[in-house]
Amino acid sequence: ASTYMIEQMQIWIPAVLMLNLLAALALALLLGWRMYRAAAPLAEGISGLARGEGAKLSERGVLGLLSADVNRASEKLLAQRTLLHKRDRTRTEWIAGVSHDIRTPLTGIVGATNVLLEQEETITPAQRHELIQSANQEAQWLIRIVENLLSITRIGAENACVTKTPE
């Protein structure tokens with residue numbers, strides 16, 4: 001009877017070990033598949049962030065905490081992008097305004113000096129004086145604009161707050 005049991009154990013032990021190995025392999029495949037399914041949206045969300053897109057991942061499941069971190073990072077990046085676009089738009093508008101403010105007195109100076117040069121012999125001394133005075137006033141205005149620009153540059157673009165006031 002004991003030889004029979006030994007023979008049976010020699011058959012059953014490898015069979016049980018093989019079944020345990022198959023069960024462990026099936027469990028590993030199942031868990032691996034679940035982890036892959038959980039990680040795929042996370043990987044896509046991270047890739048979206050790299051492309052500059054927002055990510056809104058489900059925060060449930062095995063990787064919920066990591067997904068929540070990616071969602072927060074996405075919100076921060078989108079907020080920063082919005083702020084940068086607003087800052088660029090403001091800077092562009094400011095440059096356009098400054099360009100206009102510089103062109104206006106330059107146009108006045110060029111106009112007055114053109115009249116002085118082209119009609120030098122036909123204008124009266126009073127007209128000449130008025131044109132020179134106008135060009136001088138425009139030049140003084142231009143100097144103030146440039147001085148203001150230099151002051152803003154010294155303050156630094158990050159800290160400058162420009163408020164446009166009527167002239």
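Q: What makes a residue nonpolar, charged or polar here?
A: Ala, Val, Leu, Ile, Met, Phe, Trp, Tyr, Cys and Pro count as nonpolar, Asp, Glu, Lys and Arg as charged, and the others, Gly among them, as polar. By these classes, the second largest pocket is lined by 6 nonpolar, 4 polar and 3 charged residues.

This is a predicted model, where local features need pLDDT of at least 70 and side-chain atom pairs pLDDT 80 or more, while totals for chains, interfaces and linings use all residues. Residues are numbered from 1 along each chain, and side-chain values use heavy atoms, leaving out hydrogens and water.

Q: Why are H1 and H2 called roughly parallel?
A: The axes of helix H1 (residues 2–50) and helix H2 (residues 64–118) cross at roughly 15 degrees. Angles under 35 degrees count as roughly parallel, and therefore H1 and H2 are roughly parallel to each other.

Q: How do you know which residues of H1 meet H2?
A: Contact means heavy atoms within 4.5 Å. On that basis, Leu 42, Ile 46 and Leu 49 of H1 meet Leu 66, Ser 67, Val 70, Ser 74 and Leu 77 of H2. The residues of this contact comprise 6 nonpolar, 2 polar and no charged.

Q: What makes a residue part of a pocket's lining?
A: Lining residues have an atom within 4 Å of a grid point. The second largest pocket has 13 of them, with Arg 37, Ala 38, Arg 60, Gly 61 and Val 62 nearest its centre. H1 gives the largest share of this lining, 5 residues.

Key:
Axes are lines fitted to C-alpha atoms, for helices over the stretch in contact, and angles run from 0 to 180 degrees between N-to-C directions. Helices (H or I, at least four residues) and strands (E, at least two) are DSSP runs, numbered from the N terminus. Angles under 35 degrees count as roughly parallel, over 145 as roughly antiparallel, 65 to 115 as roughly perpendicular and the rest as oblique. On a 1 Å grid over the protein atoms alone, a cavity is a set of points where a 1.4 Å probe fits but cannot get out, and a pocket is an open set with protein on both sides within 12 Å along at least five of seven lines; lining residues have an atom within 4 Å of a point.
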